[in-house]
There are 2 protein chains.
Amino acid sequence: MSESPVSQEPPIYRRIADGLRTRILAGELRDGDRLPGENTLMAEHAIARATARQALAVLINEGLAVPKRGSGVYVRLFKPIRRHGSRRLSREQWGQGRAIWDADTRGRPFTVDEVEIVRQPAAPDVAAALDADEVWVRRRRYLVDARPVQLASSYFPAEVVEGSAITLHDTGPGGVYARLGDLGLPPAHFTEEVRARMPRPPETDLLDLPGGTPVIEVSRTAFTASGRPVEVNRMVLDSAAYILQYDFDA
Amino acid sequence: MSESPVSQEPPIYRRIADGLRTRILAGELRDGDRLPGENTLMAEHAIARATARQALAVLINEGLAVPKRGSGVYVRLFKPIRRHGSRRLSREQWGQGRAIWDADTRGRPFTVDEVEIVRQPAAPDVAAALDADEVWVRRRRYLVDARPVQLASSYFPAEVVEGSAITLHDTGPGGVYARLGDLGLPPAHFTEEVRARMPRPPETDLLDLPGGTPVIEVSRTAFTASGRPVEVNRMVLDSAAYILQYDFDA
DNA sequence: AAGTGGTCTAGACCACTAG
DNA sequence: TAGTGGTCTAGACCACTTT
């Protein structure tokens with residue numbers, strides 16, 4: 001080619017990506033619509049395959065498009081669940097035998113799998129947070145509409161919960177928080193730490209995340225009224241599936 | 001080459017990325033350390049340039065590495081600010097003439113730039129949230145240690161704040177919330193919506209984000225004691241710079 | 001001047017999906 | 001079977017950083 005590069009404008013792949021992004025954000029291309037593929041872009045812009053791929057990669061990494069092998073690249077959907085940070089953990093929820101999760105999905109079908117319950121030595125940070133060397137861990141994965149949306153690991157001081165239903169698959173009405181209440185240690189205060197980052201391989205697989213999808217990491221510690229930590233819950237959420245809501249007063 | 005592909009194992013670029021990731025997460029390669037570059041990987045693994053690039057791109061998109069042109073690819077740093085969702089907005093903060101931001105940075109130097117204050121028609125979602133057609137908007141960018149970490153746009157019902165210091169660059173002691181108090185509309189309740197996504201071009205530039213860095217979107221609405229919405233604040237945070245903390249009771 | 005990452009070309013073979 | 005995206009090779013020129 002040897003076209004004068006002018007070099008002050010963005011590279012070809014960026015200009016192509018910009019054009020497609022504009023059409024997506026303007027609503028001209030909608031959820032689930034098919035984008036022009038590699039071959040189309042090569043022909044339309046007279047570019048090499050790698051350059052066309054690079055343009056599509058921009059949109060994929062922005063989470064605006066999803067590639068489907070053998071089929072095409074498609075505009076991506078975003079239909080989040082609203083997760084209420086405070087309301088969902090009110091005493092009324094678990095005090096009346098309802099699972100916390102019900103507060104989020106409001107009727108939408110959800111399932112839990114990959115349940116694993118083990119007793120093990122606590123990792124340093126968990127040990128520090130719970131002031132315990134041994135912990136019971138409850139690991140699970142949540143799916144809504146058959147789609148995985150969250151990984152969660154709950155840690156409990158082993159000596160405290162040993163022998164309770166917290167170490168069983170079926171924790172009974174109200175779940176683990178109701179059981180902590182039975183033990184005389186009802187959670188009264190929570191603190192949640194929230195951060196976002198890109199997923200790493202095990203998470204990408206377990207949550208079935210396409211490129212360009214960050215995860216939200218929520219680490220929650222539950223305290224009794226006297227300030228004793230009784231649970232640490234580490235969650236990894238598909239960011240495309242969630243909006244977190246927090247309410248508080250001045 | 002024509003090596004038997006075996007095809008059941010991951011592609012070359014993935015294996016290389018996996019190896020480097022393991023070394024990073026194990027602490028063998030530390031914050032700021034230089035990774036083997038394209039040329040090194042080409043030589044070590046006898047691969048083409050594009051394949052080496054692809055391997056490094058994996059780590060960059062995971063936010064574990066940052067490329068510096070002309071120099072190399074480096075392991076990435078993560079030194080977040082802890083942002084207290086509730087404490088920072090307590091009445092004591094702005095009631096005593098302190099800027100809210102002080103609650104976050106705790107002495108670390110911060111600056112504000114790109115300040116823009118305009119009156120304009122409200123976008124549909126803001127109009128709905130504030131029940132107002134015209135709004136005053138305060139846009140700004142926050143920098144900590146000379147690094148941009150947050151973009152923020154605050155919206156106020158125009159008729160309410162017209163003529164107050166909220167429409168000026170210097171809002172006076174206690175900031176805009178104290179001024180709302182002066183107007184007889186002190187914020188009493190807040191609701192924050194949090195989500196994460198990959199940044200789009202204007203944000204990438206303004207926050208100077210390297211690849212693989214999601215943003216956290218926080219949309220906060222402030223209400224008076226009587227439930228009247230008086231402010232909508234939309235923030236975009238560099239996810240590598242922040243941990244959000246929320247405290248609440250059962 | 002040498003080395004680095006950024007962009008791009010022109011091919012190739014593969015696995016997968018769809019009509 | 002034809003078309004799609006996924007992986008890979010073997011080159012090239014550029015702008016930038018470092019020495």
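What rotation superposes chain A on chain B, and with what shift along its axis? A rotation of 180° with a shift of 0.0 Å along its axis brings chain A onto chain B, at an RMSD of 0.1 Å; the superposition is by least squares on the C-alpha atoms of residues with pLDDT of at least 70 in both copies. The two copies are therefore related as by a two-fold rotation axis. The same surface serves both, since 100% of the contact residues of chain A recur in chain B, where contact means heavy atoms within 4.5 Å.

A word on conventions. This is a predicted model, in which local features need pLDDT of at least 70 and side-chain atom pairs count only at pLDDT 80 or more, while totals for chains, interfaces and linings use all residues. Residues are numbered from 1 along each chain as its sequence is written, chains are lettered from A and ligands numbered from 1 in the order in which they are written, and side-chain values use heavy atoms, with hydrogens and water left out.

Let me turn to DNA strand D. It is surrounded by 25 residues, the closest being Asn39(A), Ile12(B), Tyr13(B), Ala48(B) and Thr51(B); a residue counts as near a strand if one of its heavy atoms lies within 4 Å of it. Of the atoms of DNA strand D that come within 4 Å of the protein, 78% belong to sugar and phosphate.

Several polar contacts, that is, pairs of N or O atoms within 3.5 Å, can be named here. From chain A, a polar side-chain atom of Arg53(A) lies 3.3 Å from a phosphate oxygen of DNA strand D.

Which element gives the most to the surface near DNA strand D? Helix 3 of chain B does, with 4 residues; helices (H or I, at least four residues) and strands (E, at least two) are DSSP runs numbered from the N terminus. By class, this surface has 9 nonpolar, 8 polar and 8 charged residues. Here Ala, Val, Leu, Ile, Met, Phe, Trp, Tyr, Cys and Pro count as nonpolar, Asp, Glu, Lys and Arg as charged, and the others, Gly among them, as polar.

Now DNA strand C. Around it are 26 residues, of which Ile12(A), Tyr13(A), Ala48(A), Thr51(A) and Asn39(B) come nearest. An N or O atom in the side chain of Thr51(A) is 2.7 Å from a phosphate oxygen of DNA strand C. Arg53(B) places a polar side-chain atom 3.3 Å from a phosphate oxygen of DNA strand C, and for a backbone N or O atom of Val73(B) the distance to a phosphate oxygen is 3.5 Å. Helix 3 of chain A gives the most to this surface, with 4 residues.

Strand 4 of chain A pairs with strand 5 of chain A in the antiparallel sense over 10 bridges, and Arg119(A) stands opposite Trp136(A) in strand 5.

Note on methods
Polar contact = N/O pair within 3.5 Å; in protein donor to acceptor, adjacent residues only side chain to side chain. Pairing = 2+ DSSP bridges.
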